[in-house]
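I opened this notebook to record what I looked up in one structure. The entries follow the order in which I worked.

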Amino acid sequence: IRPEASAAASLNTTVEDYLRFLVQILRPERSDEFRLTEKTIAEMLTPQVSVYFTISWGLGWGIQHTSSGNTFWQWGQGGTEQGGGYQAFVEFSKEQGYGIIILTNSANGLGICEEIITKAIGGEHPAFSDYLNL
């Protein structure tokens, strides 16, 4: 675990807390000083940079452009400095109201994420082939 926060690489959380965050993005309950506003969420999920014809980046979220609409994703890894490793992947559709969070205890954890997501929610997931190249 990193001793200091880094916007690019220091999110360490539980699946329960990550789920609370994801639910607030999918269905914001209210705005206050501790929650993101709907305007901020909309800006986060707006394409800012085009990476590939099926992939863009918003503010902190990858955006997959598919035939069934946009889905948003993010991945991360850590723990390799202690000789172990873990990887995580999250994907959601604000339009369709679903999300999935996968936390693994393996430095190779992303290798199983596409299969899990395809079986759980179906559809297209170009991040795996067009961006992550897993």
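**Basis.** I note that this is a predicted model, in which local features need pLDDT of at least 70 and side-chain atom pairs count only at pLDDT 80 or more, while totals for chains, interfaces and linings use all residues. Residues are numbered from 1 along each chain as its sequence is written, and side-chain values use heavy atoms, with hydrogens and water left out.

**Confidence.** I looked up pLDDT, the predictor's confidence in each residue, from 0 to 100. The protein averages 86, and 87% of the residues score at least 70. Confidence is highest in β2, at 95, and lowest in helix α4 (residues 126-132), at a mean of 83. Helices (H or I, at least four residues) and strands (E, at least two) are DSSP runs, numbered from the N terminus.

**Aromatic pairs.** I searched for paired rings of Phe, Tyr and Trp (its six-membered ring), with centres within 6.5 Å; planes under 30 degrees apart count as stacked, over 60 as edge-to-face and the rest as tilted. The structure holds 8 such pairs. W57 and W73 form a tilted pair, because their ring centres are 5.2 Å apart and their planes stand at 50°. This pair links distant parts of the chain, with W57 in strand β2 and W73 in strand β4 (residues 69-78), 16 residues apart. I then checked burial (buried is under 20% relative accessible area, exposed over 50%, partly exposed in between; 1.4 Å probe, protein chains only). W57 is buried at 18%, and W73 is buried at 0%.

I next took W61 and F92, whose ring centres lie 5.0 Å apart with planes at 90°, so the pair is edge-to-face. W61 sits in the loop between β2 and β3 (62-66) and F92 in strand β5 (residues 86-93), so the pair ties together parts 31 residues apart in sequence. W61 is buried at 4%, and F92 is buried at 0%. Ring pairs also join W61 and F92 with Y18, F21 and F72 into a cluster.

**T54.** I found T54 in the loop between β1 (49-52) and β2 (55-57). Is T54 buried or exposed? T54 counts as buried, at 10% relative accessibility. With neighbours within four places in sequence left aside, T54 is in contact (heavy atoms within 4.5 Å) with I63, Q64, H65, P126 and D130.

**Nonpolar patch.** I recorded a nonpolar surface patch formed by V49, V51, Y52, F53, W75 and Y131, with about 580 Å² of accessible area together. Patches are made of residues with over 30% relative accessible area and no salt bridge; like charges are joined within 9 Å, nonpolar side chains (Val, Leu, Ile, Met, Phe, Trp, Tyr) within 5 Å. Accessible areas come from the Shrake-Rupley method with a 1.4 Å probe; for residues, only the protein chains shown count as cover. β1 gives the most to the patch, with 3 residues. Y131 belongs to helix α4 and is partly exposed, at 32%.

**Salt bridges.** I searched the whole structure and found 2 salt bridges, each defined as a side-chain nitrogen of Lys or Arg within 4 Å of a carboxyl oxygen of Asp or Glu. R20 and D17 meet at 2.4 Å, N to O. They are 3 residues apart in helix α1 (residues 15-26), about one helical turn. R20 is exposed at 54%, whereas D17 is partly exposed at 39%.

K119 and E115 meet at 3.4 Å, N to O. Both lie in helix α3 (residues 110-121), 4 residues apart, about one turn of the helix. K119 is exposed at 67%, whereas E115 is partly exposed at 44%.
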